[in-house]
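Please look over the sequence and the model below before reading on. The briefing then takes up a few local features, grouped by topic.

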Amino acid sequence: MNERIADCSWLADPEVFAVGRAPAHSDHLYYESAEEAECRGRMPLRQSLNGTWRFACAPNPSMRQAEFYGEDFDVSGFDLIQVPGHIQTQGYDRNQYINTMYPWDGEEELRPPEVSDRYNPVGSYVRCFELDERLREKPVCLSFQGVETAFYVWVNGKFAGYSEDSFTPADFEITEYLKAGENRLAVEVYKRSSASWLEDQDFFRFSGIFRDVYLYALPKSHVQDLYVRAGLEADYETGSLEADVTVVGDTDIEAEFVLKDDRGREIARAVQPGARDIHFSVSPGKVRCWSAEEPYLYEVYVYLKDRTGEVIEAVPQKAGFRRFEMKNGIMCINGRRIVFRGINRHEFNAKRGRAVTREDMLWDIRFMKRHNINAVRTSHYPNDSYWYELCDEYGIYLIDEANLESHGSWQKLGTCDPSWNVPGDRPEWRAAVVDRARSMFERDKNHPSILIWSCGNESYAGTGIEAMAAFFRSRDETRLVHYEGVFWNRKYDHISDMESRMYAKPEEIEQYLEKKTGKPYISCEYMHAMGNSLGGLKLYTDLEEKYEAYQGGFIWDYIDQSLLMVNEQGEEVFAYGGDHDDRATDYEFCANGIVYADRSISPKAQEVKALYSDIKLELGKDSLTVKNRSLFRSAEEYIFLLKIFQEDRELLCKELEIKTAPLTAETVTLPELVMRQAEESGEECVVQVSMHLLNDTKWAQAGYELCSAQYIHEGKKCAGKQVYPLEIIHGDVNIGVRGEGFSAMFSKVEGGLASLCYDGAEYITRAPRTTFWRACTDNDRGAKHGYDCSQWMAAGLFQKVKDVNVEEAEGEVTVTFAFIIPTVPASENYVSYTASGDGRIQVRVRYEGAPGLPVLPAFGLEMKLKERCHNVRYYGFGPEENYIDRMEGARLGVYTYTASGNLSGYLIPQECGNRAGTRWVEVTDDSGAGLRISGDRRPFEHSVLPYSAYELEAASHREELPRPHYTWLRVLAAQMGVGGDDSWGAPVHGPYLIPSDRPLEVSFTIEKKNGTTK
């Protein structure tokens, strides 16, 4: 047998995917006493093999040390490696990021199921161990929770088995190979095998033992498999509970089944005589239901007892009573229409790749609950088993997705070409893909959080995937089956219980829903959150109320896949595809998250939190409308705070009593006295209502804010301004002005404000320039926005002064510059500065509009200030960056930031840091001295960054940006939205574009901001 293994023939055979592997089973815990089971602590019968292993790596099978598994083979010269972990993140092989194409594209001409002999890194792992005392004298199994991509196992030199499928457990019964004292475990892991044709996911291509490895021993009677089905009767109150138990070992036993609530009170009990297959059925009566809103869990205990009544084995299993079903073409949870406000989640860590920790997972689920995310699609493979426990406990709905994606076999450069796709209708692949479905199902079947089984991702369609769906349906009547790929081959529509699409535009979704096909709709992927994105999310969430059959979607995706690496300059940086000299690659396409790779939160999360909230608040002039979209939770479970602000002054804080029932809406009249106070204040006032947690939860403390709404009362107009003496100095090239404590100079050559000094300190470096450009976002690049609008980039750089006009009046002078813009056809813009004796300079920037030009990326004035002015305080929308198509999560208020802190952490530098609805902004040095810019007629948009739009445009990595030398202030009349339908061609939606044939204007006043006196 060893000779057969040594030639690696199984690697290229799709019909060999498991040799010596134990049948898949549930992921339950078990103990040898009832007391241990009730504590649910560490399993004494489980022995971890995580830690430091001996390791050697070879670039291909011919160069590996083929006999390394022998008992006498000296591995003292091997390196040391950590398990769990990928070999690529620990200094071996190379990191490679690929999206759709196969990783060998352009390197080798391969067709399924061929595997390269030239490049196929092999990891040789060795670990010695002695059995823990409680595992001795019992049958022992070896479990690998995740290994990429194919691996062989030896124990004490004896071959124990072979397995593929990277993301589900592989267990081997090894009792016969063990011996007293030290044992030697050897594992040979191959990066590529025939399984690689089935694992073409959009991710970094790693290999190695990346999840837990452990031994477990079996009591003389052992529950090998447990299948609990906790459902609801038609009244959605009465529970029904069935369980199938598979026993191995001695069956001359008694099996006892006990159901307890979360306080340990017994609800139901049943007893059955011993057998290999035991079925339990109990009627617990009225139960508390499980949902993502109220994730109530009961505890099931299965006890195996010998003839004396002593417990041989005790199995604890969490159970949630819920009923998920299709009712009249609508997916319902516990009788009520569900809407998935979801996200796709890759397992990822910036240092460890997919070898995520429990701490990572806890952070993830708490973030999701805090941001109103109620559903996750495990894209595109079964996740670590602990993730499902957390989703049960915290309340997250899951689409559990099988480890299958063969995108590169049927879609080439965006064209559907299934001429050689796998698995397709090829019989040699069918058993392998059904095995992947079975392995996922058997491990995960007891988790109430799983509502839908998914047959995989982007693998076209055919009889192989059809067989996967048939398997799910044959084993589980309590869940539905999902598969998006039938969109490409409608012959197999019956595979998926719902219409599922990727990146369909809102109007395309509406077209489907208007047809009333009888199948509900979800977007298994939408809102491609790559870089500065997620604009227009509201266009999708608005469909929830318009169409009953629209049942939500899953944002792509949760976390940036970006690895920390040390570059050639010795800097630790976040890297993407291609940065590891990996070819082929899809470069920065790995960064699509609303969370950065280091788990810091991107500004995009602000919009998700607002639009995904179960409770929607809408404020009018004197009323509040509360729309409770929760299925089961009343609004009385939250605190509602009414506040009134004048800029950063809180005038009032009052708690409101709101008790809106689930799936209802009510309008509440706000207290008259409060509203009168807002209206009579004389200044702009913000009325705000926010909703907060009433009690502590597992994921946030009482008082945590979940959503809010605002109503803005306009202030009264200001009185006329006072006249102050102003000295005007007429030069041939410059027009100078001087007043009390300030001076300014307007250059006819520079075409603008060449100098501005307050108290002797200069703030201008070069004259401000009108800007028509923004640094391209990832979405802009994907839509070829630069090609379409590139003349606007040149327009800002190369406009020329056409005329200068000077007008004098009492106490002021107005200098107007007319510019010709190098567009085709040519266009014009005007910048006028009105300087007053009190040191104020009013700026008016006008674009007259011109027919036949592309849409404007942005329009306004860009000011290159001294770097020392890097502190920002403003009154506008925030606290995070916002754009006209990403405003739902932003609130009007007074906020602060720094220029460098305003540079968002997108992998490729791009447009970022914008704030809409700005009333005023102060840009100051560390003493507080600087400039204050106030809107004259209407609010403006602004950003303050340490780099110009052109510096951002030129950099492909953040570390390429130079050390800041200036502070760049942009004051804009408008900027187009950022878009987000997809990142490879979808334009920004029409309402969020800036037509170039219409006039635009922004008007504001610059004045001194005094610093602190020392």
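Arg840 counts as partly exposed, at 37% relative accessibility, where buried means under 20% relative accessible area, exposed over 50%, and partly exposed in between (1.4 Å probe, protein chains only). This is a predicted model, in which local features need pLDDT of at least 70 and side-chain atom pairs count only at pLDDT 80 or more, while totals for chains, interfaces and linings use all residues. Residues are numbered from 1 along each chain as its sequence is written, and side-chain values use heavy atoms, with hydrogens and water left out.

- Arg840 and Asp838 join their side chains in a salt bridge (2.7 Å, N to O), a term for a side-chain nitrogen of Lys or Arg within 4 Å of a carboxyl oxygen of Asp or Glu.
- Asp838 is likewise partly exposed, at 26% relative accessibility.

**A strand pair**

- Strand β40 (residues 638-646) and strand β41 (residues 649-656) run antiparallel and are joined by 7 bridges; strands are DSSP runs (E, at least two residues), numbered from the N terminus, and two of them pair if DSSP finds at least two bridges between them.
- Phe640 has Leu656 in β41 as its bridge partner.
- In the hairpin of β40 and β41, with 2 residues between the strands, Glu647 takes a positive phi near 55 degrees.

Notes
Helices (H or I, at least four residues) and strands (E, at least two) are DSSP runs, numbered from the N terminus.
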